[in-house]
Amino acid sequence: MPELPEVETVRRGLAPVLEGARIDRVMLGRPDLRFPLPDRFAERLEGRRVSGLSRRAKYLIAHLDDGVSLIAHLGMTGSFRIDHEAIAASAFAHPRGKDSAHDHVRIGVTRRDDMPAIVTYNDPRRFGFMDLVATAALADSHHLAGLGIEPTGNALDGATLQALLAGRKAPLKAALLDQGLIAGLGNIYVCEALSRAGLSPLRRAGTLARRGAKAKAEAGRLADAIRAVIAEAIDAGGSSLRDYVHTDGSLGYFQHRFRVYDRAGAACPTPGCGGTIERIVQSGRSSFFCRRCQH
DNA sequence: AAGTGAACCTGAAGGC
DNA sequence: TGCCTTCAGGTTCACT
């Protein structure tokens, strides 16, 4: 579900509630998500204070006051919900509502301003996971160690992208989804960035790293497109498709700005192009693009 | 080593 | 209405 802009939106939604809050009580609906939760997961969180909430790629990280950090990944369908009312212990243990069956982790906190809140992690497909890692060893943890550069800020430019793609025979689509190269892109934003840059998802990635002005210009365009689409999506609060919602239940609205994603059969939005968006499958994932203006 | 495809799990949507 | 198939924002593992 969530790519970098959605995870960043979740982080911004949770930060006012969690930063400075004390964790009072943790309830698990089951002992595992995609992987087993760590031993004594609830006990290790209870009584701790959250000193900060950060993000790396698609990972959300809550830093605790005892030198441990809680790492969370939302998989395809994970979401956090915040309930601001104090609720009775019985309701805390047995939430109601239509898909409370997938409320797997409930965290009762006392906010910095002393107001109570409950943060609930819901994940129907359970592709998400949580782990506890020593904060000092975060960067070396197996979750984060292999990640590539963030597509935010100015770190990603044409020359950097050329260095990353040099020698790669995989299609551009697959290379951009590789979290070890650029960390945080997913299916939507890769399709959108390639459309904006006028580059085909079928193109061999290494061809953007050839010597010469043409490849240099293409790599520059792609780097710009990636940074722009990610920045715009964060500003829009992410994209809401099937089940992605903000922590307060509201929707992101970047999906209204999709040029190609999930738009097979539609007219290509590039002015004067006249092509049609098509859907193909690459390494098991849908790619949406216009053959006429993406080369 | 790099690249591809299957597996993990549930729900929504479309065809008949 | 119900049953069947296909597809979904991600990662990891097994294989070539």
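Asp262 is placed in the loop between α7 and β9 (277-282). This is a predicted model.

- Asp262 has a positive phi of about 60°, although it is not a glycine.
- Most residues other than glycine have a negative phi.
- Not counting residues up to four places away in sequence, Thr270 touches Cys290 and Cys293.
- Thr270 and Asp114 are 156 residues apart in sequence, and their C-alpha atoms are 52 Å apart in space.

**The loop between β6 and β7**

- Asp114 lies in the loop between β6 (103-110) and β7 (116-122).
- The phi of Asp114 is positive, at about 75°, although this residue is not a glycine.
- Asp114 has 8 C-beta neighbours inside 10 Å, so it counts as exposed.

**Packing of α4 against α7**

- Helix α4 (residues 158-165) packs against helix α7 (residues 213-235) at an angle of about 105°, and their axes are 8 Å apart.
- The angle makes α4 roughly perpendicular to α7, because values from 65 to 115 degrees fall in that class.
- On the α4 side the contact is made by Gly158, Leu161 and Gln162, and on the α7 side by Lys216, Ala219, Gly220, Leu222 and Ala223.
- By class, this contact of α4 with α7 has 4 nonpolar, 3 polar and 1 charged residues.

**Arg227 in α7**

- Arg227 lies in helix α7.
- Leaving out residues up to four places away in sequence, Arg227 touches Pro151 and Leu156.
- Arg227 and Glu150 are 77 residues apart in sequence, while the distance from C-alpha to C-alpha is 9.3 Å.

**The largest nonpolar core**

- The largest nonpolar core has 65 residues, of which Leu18 and Leu222 touch the most other members.
- Leu222, which is among the α7 residues that meet α4, touches Leu161, Ala193, Ala197, Leu199 and Leu208, not counting residues up to four places away in sequence.
- Leu18 is one of the contacts of Leu53, along with Arg11, Leu14, Ala15, Glu19 and Ala62, once neighbours of Leu53 within four places in sequence are left aside.
- The C-alpha atoms of Leu53 and Leu18 are separated by 7.5 Å, although the two residues are 35 residues apart along the chain.
- Leu53 is found in strand β2 (residues 50-56).
- Leu53 is buried, because 21 other C-beta atoms lie within 10 Å.

**Gly78, in the loop between β4 and β5**

- Gly78 sits in the loop between β4 (68-73) and β5 (79-83).
- Gly78 has 31 other C-beta atoms within 10 Å and is therefore buried.
- Gly78 and Pro269 are 191 residues apart along the chain, and 31 Å separates their C-alpha atoms.

**The surface near DNA strand B**

- There are 12 residues around DNA strand B, and those that come nearest are Pro124, Arg125, Arg168, Lys169 and Ala170.
- The residues of this surface divide into 5 nonpolar, 2 polar and 5 charged.

Definitions and conventions:
Residues numbered from 1 in each chain as written. Chains lettered and ligands numbered in written order. Predicted model: local features only at pLDDT ≥ 70, side-chain atom pairs only at ≥ 80, totals over all residues. Core = buried A, V, L, I, M, F, W, Y, C linked by C-beta atoms within 7 Å. Buried ≥ 20, exposed ≤ 12 C-beta atoms within 10 Å, placed from the backbone. Contact = placed C-beta atoms within 7 Å. Near = placed C-beta within 6 Å. Nonpolar A, V, L, I, M, F, W, Y, C, P; charged D, E, K, R; others polar. Axes fitted to C-alpha atoms, helices over the stretch in contact; angles between N-to-C directions. Helix = DSSP H or I, 4+ residues; strand = E, 2+ residues; numbered from the N terminus. Parallel < 35°, antiparallel > 145°, perpendicular 65-115°, else oblique.
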